[in-house]
Amino acid sequence: DGDGNDNGDSKQLEAARGWPNVSGLAYCFLPLPIATGLPVHVNAFFAVSSNRRELERSDGVSGKASEAEWNRLLLTSTLPRIYAQLLEKEAQIRSCENVWPASQTAPFDQLSRAVYREVIENDVPVFGNYGGFGQVAIRDQLFV
């Protein structure tokens, strides 16, 4: 349109190409200053420190073992199922290669490992409808 404002067009183009490039943050209703190392934001009812700067963790001194266990269960049990559903739904629309978790940032590295475990153990069909064959689970793939 010549006015230099291509904001809407660039957003549409980004959406057409696939998943937007996101530096994931943790949220507990509101954003936390915690980078997840994931390509998505993670909003969960985390147990957070009183200053909301970090997730509670068990350090043997603070007496926050139950809160730390809560966070561990969220990251290794509940959130991986939801993330696997995201991968499955995304694969129905387009390639989800940019959405796979690869965090090496503690404690979100636990979530990354748990997502792969969830996908493999439950045969989640995370590979798209290529060539009209429908979605395919990992066990039905040939990797070379």
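Biologist: How far apart are Arg-72 and Glu-69 in helix α2?
Modeller: About one helical turn separates Arg-72 and Glu-69, because they are three residues apart in α2. Keep in mind that this is a predicted model. The two form a salt bridge, and their closest N and O atoms are 2.7 Å apart.
Biologist: How many salt bridges turn up in the whole structure?
Modeller: A search finds three. One of them pairs Glu-54 with Arg-57, with 3.1 Å between the closest N and O atoms. Glu-54 is partly exposed, with a relative accessible area of 37%.
Biologist: And which residue does Arg-113 bridge to?
Modeller: Arg-113 bridges to Asp-109, with the closest N and O atoms 3.6 Å apart. Both sit in helix α3, four residues apart, which is about one turn of the helix. Arg-113 counts as partly exposed at 47% relative accessibility, whereas Asp-109 is among the buried residues of α3.
Biologist: What do the buried residues of α3 pack against?
Modeller: They pack against β1, β2, β3, α2 and β4. The buried set includes Phe-108, Leu-111, Ala-114, Val-115 and Val-119, along with Ser-112 and Glu-118.
Biologist: What about the phi of Asp-123, after α3?
Modeller: The phi of Asp-123 is positive, near 45 degrees.
Biologist: New topic: the sheet. What order do the three strands take?
Modeller: The order is β2-β1-β3, in an open sheet with mixed pairing. β2 and β3 stand at the edges with a single partner strand each, so one side of each is left without a neighbour in the sheet.
Biologist: How many bridges join β1 to β2?
Modeller: Three, and the two strands run antiparallel. Cys-28 stands opposite Leu-30 of β2.
Biologist: Is Leu-30 buried or exposed?
Modeller: Leu-30 is exposed, with a relative accessible area of 54%, which puts it above the 50% cut-off. Leu-30 lies in β2, a strand that covers residues 30-35.
Biologist: Which residues make the nonpolar surface patch?
Modeller: Leu-30 makes it together with Phe-29, Phe-45 and Trp-70, and the patch is about 510 Å².
Biologist: Let's zoom out. How many helices and strands are there in the protein?
Modeller: Three helices and five strands. Read from the N terminus, the elements go α-β-β-β-α-α-β-β.
Biologist: And what share of the 144 residues is buried?
Modeller: Buried residues make up 32%. The accessible surface comes to about 9,300 Å², and carbon and sulfur atoms account for 52% of that.
Biologist: One last thing: of the contacts between residues at least 6 apart in sequence, what share joins residues at least 24 apart?
Modeller: That share is 42%.
Biologist: Great, thanks for the tour!

Terms used: Residues numbered from 1 in each chain as written. Predicted model: local features only at pLDDT ≥ 70, side-chain atom pairs only at ≥ 80, totals over all residues. Heavy atoms only, no water. Patch = residues over 30% accessible without salt bridge, like charges linked within 9 Å, V, L, I, M, F, W, Y side chains within 5 Å. Areas by Shrake-Rupley, 256 points an atom, 1.4 Å probe, with all protein chains shown as cover. Salt bridge = Lys/Arg side-chain N within 4 Å of Asp/Glu carboxyl O. Buried < 20%, exposed > 50% of the residue type's maximum accessible area, 1.4 Å probe, protein only. Pairing = 2+ DSSP bridges. Contact = heavy atoms within 4.5 Å.
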